[in-house]
Amino acid sequence: MNHTPGSDRHRIFSPLAPSRGRRSFADTWWGNAWVTALEGPTPVATGRLARGRTYARAGNVREITITPGRATAQVKGSMPTPYRTSMQIPQLSAPQWNALLDVVAAQAGHLAALLDRDMPTTLADDAAQAGVRLLPTRGELVPHCSCPDDGNPCKHAAALYYQVARLLDQDPFVLLLLRGRGESELVAELHRRNAAQAAAAAKPAAAAPRGVAARQVFAAAQAGIPPLPAPPPALHQPGPVAQLTAAADPVPGVDAEALEFLAADTAARATQLLRQALLPQGDPIAPPELSVTDDAARLAAADPPPGNFQRLAWGTRRTPNGLARAAAAWHYGGAAALAILDEPQEGDPLYLRAVREEIKQNWDGERAPRLRTDGSSWLTVLGHDAQLRLGTDGRLWYPFRKKYSIWWPAGFPQRDATAVLSELLIPDSE
C-alpha cells in the first residue's frame, strides 16, 4: 500500500485508482464491514451516499490523511477546484482501549495475529462482547466539507467515507488509528502484556484448595438439612409470559436490553411448546431444529434492541446486510424460507414447465411475462428484477426481488404461482 513514511499516528495515503465496474465496493471482510456499518442493515439506493459511492468509484477522492479520530482529503466535484473534506470519528476512551487490549491478550490467536500485524475478523465480535464497538455507525461520523451543500453527509464527505473502506481492504490498522492508537504503539503495548503474561505463567502455581470429603456432605445431610420441595402441580394451560422489571442498575458489562430480549424470547417459545404439548389430540408439533446462523436470523427478525443486530451478524460471521436478508426470509416464511435463500431445491422439470404454461394461460393482461428456469426450482422473469422460488414442500412459491445484484425475499408464499407473480410485478409494490 502506498503511503508517505513517517509517524504511524499521521499517515498519508496516495489516491486510489478508480474502481468502476466492480460488483462489491470493498474486497475484504474489514472493508465490507465498514460499508455495511455505514449504510446500515438495508443498502442505500438513492441520496447523497449513493452519489458519494459513485464519486469514490470514479477516483474523485485524492490523497487521504489519517490521524487519530480524523480522515481528511480533497474531493473533486462538479467545480474545477476540489473541496476540502474530512470526517471525524469518536476515539476510544482509555478504559475502552484497556478492555480491548485485555480481549486481545486473553486470546493467543488474537495476540499472535496482531503482533504479526494482522487483524483477525473475529476481533470485532470479541471486542463487542467486552463493550467496545470498533466499527462506527454512520451517526457517529461527523462530516465537514467546504462545499455549499449542508447535507449530512454531502456527497463529497460520503465519497471519503467509502474510500476509507478501500484503505481498510489494504490495512485494517487504519481503523485502529481512526479510533485513537497507532500501529507501533499498539504492538509495543501488546508485547508488554505478552511478556507480563509469560512472567506470571512462569511463577509456581499456588496450592489448590482441598475439597470436602463426601462423608462430611452425607453427614451434614443427616444433621437436619431440609429435603427438596415437592414438584409443582401439573399445568392445564400456559399462563402469561412474565414481565421483567428493573429492580436495580445492571451489573457492569451486562447488556440489560439484550438479556431482557433473550429472556422474553425464551419465555414466548416455552409458552408455545407448552400449548402444543397440552393439545387434546395428536402428537405435539416439534419445532424445527435450527442452526446457530438460522436462529440468529429468527432473532434478528424479532426486532432486537439497537446494537444487538450488529452483534448477531458478527457472531454468525455475516455482514449486517446478509443478516437483514436472512431476517427478511424468516419473516416471510420461517425455516422453510431460509432453506431456499441461497440454494435452489431439487425440482421436477416437467412440473416447472407445467407451471410456466399455467401462468401463461391464466395471466390477466395483454401478454404473460417471459420466464426462464434457473436451477431446478427457480423461475426468473426476463426484463424484470423478479423471481419465483419453489419451496422445499414442492407446493408454495416464494417471491424474490433483486436489489443491487442480490435476490431478496419480497413477500409471503402462496400455492398459486400466477397470483404470486402478479403481486410481484405490481409497480411500487415495495
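**Notebook: a sheet, a helix pair and a covered helix**

I began at the hairpin of β9 and β10, which has 6 residues between its strands and in whose turn Gly394 has a positive phi of about 75°. I am working from a predicted model, in which local features need pLDDT of at least 70 and side-chain atom pairs count only at pLDDT 80 or more, while totals for chains, interfaces and linings use all residues. Residues are numbered from 1 along each chain as its sequence is written, and side-chain values use heavy atoms, with hydrogens and water left out. For my own reference, helices (H or I, at least four residues) and strands (E, at least two) are DSSP runs numbered from the N terminus, and two strands pair if DSSP finds at least two bridges between them.

**The sheet**

I then looked up how β9 (residues 386-390) is joined to β10, and found 5 bridges with the strands running antiparallel; Leu388 stands opposite Pro399 in β10. On to the next pair: β10 (residues 397-403) and β11 are also joined in the antiparallel sense, over 4 bridges. Here Lys402 has Trp407 of β11 as its bridge partner, and Lys403 stands opposite Ile406 in β11. The hairpin of β10 and β11 has 2 residues between the strands, and Tyr404 takes a positive phi near 55° in it.

Stepping back, I noted an open sheet of 5 strands in the order β7-β8-β9-β10-β11, with antiparallel pairing. Which strands stand at the edges? They are β7 (371-374) and β11 (406-409), each with a single partner strand, so one side of each is left without a neighbour in the sheet. Neighbouring strands of this sheet are turned by 30° against each other on average, direction ignored (axes are lines fitted to C-alpha atoms, for helices over the stretch in contact, and angles run from 0 to 180 degrees between N-to-C directions).

I also checked the cover of β10: 5 of its 7 residues are buried, so β10 is largely enclosed by the rest of the structure. Buried means under 20% relative accessible area, exposed over 50%, and partly exposed in between, with a 1.4 Å probe and protein chains only. Helix α13 (residues 320-339) lies across β10 and β11, and runs at about 45° to β11.

**The pair α2 and α6**

Next I looked up helix α2 (residues 48-57) and helix α6 (residues 155-170), whose axes come within 7 Å and cross at roughly 60°. The two helices are therefore oblique to each other (under 35 degrees counts as roughly parallel, over 145 as roughly antiparallel, 65 to 115 as roughly perpendicular, and the rest as oblique). The contact, meaning heavy atoms within 4.5 Å, includes Arg48, Leu49 and Tyr55 of α2 and His156, Tyr162 and Gln163 of α6.

**Helix α5**

Last, I turned to helix α5 (residues 122-129), which is mostly covered, with 6 of its 8 residues buried. Those residues are Leu123, Ala124, Asp125, Asp126, Ala127 and Ala128, and what covers them includes α1 (29-39), α3 (94-106), α4 (108-115) and α12 (308-315). After α5 comes Gly131, which has a positive phi near 85°.

**Overall**
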